[in-house]
Number of protein chains: 2
Amino acid sequence: MAIHEDVTVLSIGGLSKRTGVNLETVRYYENIGIMPKPPRSAAGHRRYDEEHLKRLTFVKRSRELGFTLKEVRALLALVDGGDYSCGEVHELTLNHLHEVRQKIADLQRLEATLADISDQCADGTIPDCPFIETLFRA
Amino acid sequence: MAIHEDVTVLSIGGLSKRTGVNLETVRYYENIGIMPKPPRSAAGHRRYDEEHLKRLTFVKRSRELGFTLKEVRALLALVDGGDYSCGEVHELTLNHLHEVRQKIADLQRLEATLADISDQCADGTIPDCPFIETLFRA
DNA sequence: CCTACATCCTGTAGTTACTACAGGCACAAG
DNA sequence: CTTGTGCCTGTAGTAACTACAGGATGTAGG
């Protein structure tokens, strides 16, 4: 391997390392059309450039923010179109934010229930565990 | 259909309605061994009783509390064994509670980031959406 | 008793977002 | 020249269901 890999020409492994996206996932993104098919070397190896790097970073960040791949596609479509307004992006984000808040609320209710019941059987010696009893009730 | 279906003998549809568990899911649970194979009628239709009803309710409640099927299996194993102590159940529950709290924390960080960036592009007229810009940065 | 129509049967494939091989070619260092 | 690493394709596995396809059965009304 060259000591200084050209930043503008990356192998799939290089791209994977730079973005932190699993190598197999990069190929997966290509298969499902999230990432474009890159040019190939003579031997058929994928060659990526700055644009690919930017795009994959975008995808990774979006995923980290909890956007589904479908939502990522929508965001990319806006970006690819070039004529996106901040408003469109804002709407997608608000929708997502709403879902996230919903999930948080659900989990918090769940947490309360679990903590509650769990307290009741903190003492490991009780024979008829109240938690189990609760689970049997609708 | 009989007007008063015998409570102690349920068809798969009846069990599904009583528990709120999707009919296909009931069969799925049987396939993967979460629910036992029930006796069949002459024509091969599944016949369920009170025990099945209790068990499926247990599974449903557990799933609603966010336990994975693997965890549900563990809980059922304790119950089936009969000699479970409250302590064992408590441990499983605490582990799960820990995961739930972790998820909540993750989502809250995510929520903050989303809300933050989304505020920046509340005005739909800005051309270079700061959110999109953020996504392009690692 | 016959005809609808709901319900049941099995088995397979689709969903989300990856991850993990299997089996094989390519290339560079020592 | 061998060894090791990286890359290739294509398929199968993961969680927890859901959705058919294609066919048999059960039941209620006329």
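Me: How many aromatic pairs are there over all chains?
Reply: This is a predicted model, and a search of the whole structure finds 6 aromatic pairs over all chains. One of them is formed by F58(A) and F136(B), a tilted pair with 4.8 Å from centre to centre and 45 degrees between the planes.

Me: Where do F58(A) and F136(B) lie?
Reply: F58(A) is in helix α3 of chain A and F136(B) is in helix α6 of chain B, so this pair joins two chains.

Me: And are they buried or exposed?
Reply: F58(A) counts as buried because its relative accessibility is 0%, while F136(B), at 23% relative accessibility, counts as partly exposed.

Me: What about F131(A) and F67(B), what kind of pair is that?
Reply: F131(A) and F67(B) also form a tilted aromatic pair, with 6.2 Å from centre to centre and 45 degrees between the planes. The pair crosses between chains, running from helix α6 of chain A, where F131(A) sits, to the loop between α3 and α4 of chain B, which holds F67(B). F131(A) counts as buried at 0% relative accessibility, and F67(B) counts as buried at 1%.

Me: New topic: how much area do chain A and chain B bury between them?
Reply: They bury about 4,300 Å² between them, with 76% of it on carbon and sulfur atoms. On the side of chain A, C86(A), L135(A) and F136(A) supply 16% of the area that chain A buries against chain B, more than any other three residues.

Me: How many salt bridges are there between chain A and chain B?
Reply: The count is 2 salt bridges between chain A and chain B, including one between E111(B) and R101(A), whose closest N and O atoms are 2.7 Å apart.

How values were computed:
Residues numbered from 1 in each chain as written. Chains lettered and ligands numbered in written order. Predicted model: local features only at pLDDT ≥ 70, side-chain atom pairs only at ≥ 80, totals over all residues. Heavy atoms only, no water. Buried area = accessible area lost by both parts, 1.4 Å probe. Salt bridge = Lys/Arg side-chain N within 4 Å of Asp/Glu carboxyl O. Phe/Tyr/Trp six-rings, centres within 6.5 Å; stacked < 30°, edge-to-face > 60°. Helix = DSSP H or I, 4+ residues; strand = E, 2+ residues; numbered from the N terminus. Buried < 20%, exposed > 50% of the residue type's maximum accessible area, 1.4 Å probe, protein only.
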